[in-house]
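Hi there,

Here is the structure I promised to pass on to you. Have a look at it first, and then read on for what I found.

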Amino acid sequence: MQKADFGNRHEKNPFLSIIFKGYGIELRPVRPQDLPCLRRWRNTPKIRNMMLDSSYITPRQQRVWFEHIMNRVDQAQWVVWCKGKKTGYVNVKGEGYLQEQPYVSGGYYISETAVRHALLGYAVTLMYHDIIFDYMAVPLIKGVILKDNRSSLKLNKEFGYRKVSENAESISFTLKASDYSKVRKKFLRYFKDPQ
């Protein structure tokens with residue numbers, strides 16, 4: 001991916017209409033018809049208990065969330081598609097226009113669907129980082145993961161994240177674009193269509 005030319009980027013969020021494809025998956029912007037499955041996935045104990053906010057989401061809360069994000073220029077939200085089926089969620093958040101940030105945060109999860117497979121987590125992780133570092137050209141990711149989320153902690157370590165601090169429940173980390181570019185190559189061999 002190359003950095004996009006956003007033209008007059010202060011008019012709207014360009015990520016409301018961009019579909020990203022690669023690694024055998026697609027990331028499509030969240031639409032109203034996606035809300036029931038996003039809410040269902042998010043409320044499963046396996047996903048909900050790995051969130052910093054583990055509260056149960058009602059249909060009304062999901063609608064309010066969607067209405068709130070629709071015109072934001074500091075966020076992007078996608079549904080992960082694999083083999084023509086919805087299977088997960090990705091988001092990126094900044095403190096202003098995403099393509100102008102010194103760093104962003106975000107996250108993703110994969111649901112227990114029929115298309116889930118062993119490399120899906122790597123595919124989503126690669127796409128997430130490619131969007132941030134290559135397409136948006138943001139140089140740094142900052143984030144927090146619960147200590148109980150062992151699979152995410154392991155994945156972050158594999159992708160070169162560095163621990164910044166920790167408390168009793170969570171670990172704060174960062175990843176620089178330069179560190180990601182070094183480790184990215186070792187995962188590409190698993191995918192026929194990396195870009």
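This is a predicted model: local features need pLDDT of at least 70, side-chain atom pairs count only at pLDDT 80 or more; totals for chains, interfaces and linings use all residues.

The protein chain is built from 6 helices and 8 strands. Starting at the N terminus, the order of these elements is β-β-α-α-α-β-β-β-α-β-α-β-β-α. The radius of gyration is 16 Å, close to the 16 Å that the globule rule gives for 195 residues, so the chain is as compact as a globular protein of that length. Along the principal axes, its C-alpha atoms fill a box of roughly 45 × 40 × 35 Å.

Among contacts with a separation of 6 or more, 60% join residues 24 or more positions apart.

Now to the inside. Of the 195 residues, 47% count as buried. The largest nonpolar core has 40 residues, and Phe15, Phe20, Ile25, Leu27 and Trp78 touch the most other members. At least two core residues come from each of several elements, including strand 2 (25–29), strand 3 (75–82), strand 4 (85–93) and helix 6 (177–188). Helix 4 gives the most, with 11 residues. Another core, of 12 residues, lies apart from this one; Leu38, Phe66, Ile69 and Val79 are among its members.

Best wishes

Definitions and conventions:
Residues are numbered from 1 along each chain as its sequence is written. Side-chain values use heavy atoms; hydrogens and water are left out. Helices (H or I, at least four residues) and strands (E, at least two) are DSSP runs, numbered from the N terminus. The radius of gyration is taken over C-alpha atoms; the globule rule is 2.2 Å times the number of residues to the power 0.38. Buried means under 20% relative accessible area, exposed over 50%, partly exposed in between (1.4 Å probe, protein chains only). Contact means heavy atoms within 4.5 Å. A nonpolar core is a set of buried Ala, Val, Leu, Ile, Met, Phe, Trp, Tyr and Cys residues joined through side-chain atoms within 4.5 Å.
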